[in-house]
Amino acid sequence: MARRKIDVLIIARPDHSYQIYKALSAQKELSFLYVTFGLFPRWLSFLRLPKLRYVDGNALILKWFTILHTLYFKLHWTKRFDEKKCFERSIRNLAKRYEPRIIHYWPDYCDETVHELKKAFPDVITLAEMYMPNPVTIIDDMKRVYAEHGLAFRNDFLEGYASVVGSRFNDADYIMVASKYVEETMKVTFPDKKYLVTSYGIQRSPYYRFSLKETPVKKFAYSGVISLEKGVDVICDYFSEHPEFELHLYGKMSESQKDLFSKYSSFQNLVFHGPVSREELFSAFQHMDVGIHPSRFDAYSLAVGEEIGAGLPVIVSDKTGNAFDIRENGWGTVFELNNLNSLDLAIDRVQEYYSDYQKAIDASVHASHLSYGEQIIQLYHKLV
């Protein structure tokens, strides 16, 4: 059977890769196939289920993998689900059916299949997506943080990933990352690889309205998991000693760390709102002054992008991938996670330059720019 020649083969998780699919579907110059799971064919849209996402043509949905993935991760009905092994089995015939010019892939799922394709087609250009910082650079720091809080560190995912990351990206001509921070961490293991950086950008809130605030900066908002990994202990410690400010936290608390964070609920200026819907979150941002994200490792926080898109100047740690874009565009300021005085200085800066940050955000929100998917397509064109 003759292989079908295509320009781009995407083998991916259905997160931001879906944006690439939509952008590819809107153009006609590049032929492509999108291989993923957890999405649904367009003809099922009559169900009108708001959380479902649909594909039309040029997409291969791994149905059996989708079922097993849902049973294991969402419903916890099945055990011993080897995600990578199952995914590789589901796509083993791709090497026989397609001849791509570019393969954009998530190596945690399919590095073996890509290895076979690379052997079959040595001239194919391979782009390996890294959606988080290099785990090799994270583990020692997290062990120290856990020890400081009297907790035993155990993270099977990070430790397991650190043991295999050195082999997962061997066949990559380029490593795709969302931030310079991720690039720096990956260079620890792959100093000689070529890197392509494309950030996810900001998402404009449906409630966005520009108005310069004249009131003092007082209300700070954090959105995400309440955990040591996200550095929430850093801001809880800080704001518990600064009752002149309010810290509002939106998100689920880590189950294994509830005892650690429950002690902060006694402070009146620290408000734990728990998990909320996106609509509730965007609505809440209207009443906040600053977004704050102190993550100890974050490739590119979508929560920070949402805060900026809602008009909030932000403070982020230097381990948060958005830091470069925030400095570059004047959307807020960055503090050094391991410098006790740095957060204090960052809060002083955000108060001093608050209106400048607001104006810069408004300019960015109204500027015409390529979407994330369009940027990736532009990159594909340059490569082929």
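With which residue does arginine 144 form a salt bridge? The partner is aspartate 141, the closest N and O atoms being 2.5 Å apart; a salt bridge is defined as a side-chain nitrogen of Lys or Arg within 4 Å of a carboxyl oxygen of Asp or Glu. The model is predicted, so local features need pLDDT of at least 70 and side-chain atom pairs count only at pLDDT 80 or more, whereas totals for chains, interfaces and linings use all residues. Residues are numbered from 1 along each chain as its sequence is written, and side-chain values use heavy atoms, with hydrogens and water left out.

Arginine 144 and aspartate 141 are three residues apart in helix H6, and therefore separated by about one helical turn; helices are DSSP runs (H or I, at least four residues) numbered from the N terminus. Arginine 144 is partly exposed at 35% relative accessibility, and aspartate 141 is likewise partly exposed at 25% (buried, under 20% relative accessible area; exposed, over 50%; partly exposed, in between; 1.4 Å probe, protein chains only).

A search of the whole structure finds 19 salt bridges. One of them joins aspartate 108 and arginine 168 at 3.3 Å, N to O. Aspartate 108 lies in helix H5 and arginine 168 in helix H7 (residues 156-168), so this pair ties together parts 60 residues apart in sequence. Both residues of the pair, aspartate 108 and arginine 168, are buried.

Lysine 84 forms a salt bridge with glutamate 112 at 3.2 Å between the closest N and O atoms. Lysine 84 is buried, at 16% relative accessibility, whereas glutamate 112 is partly exposed, at 48%. A network of salt bridges links Lys84, Glu88, Asp111 and Glu112.

How values were computed. Helix = DSSP H or I, 4+ residues; strand = E, 2+ residues; numbered from the N terminus.
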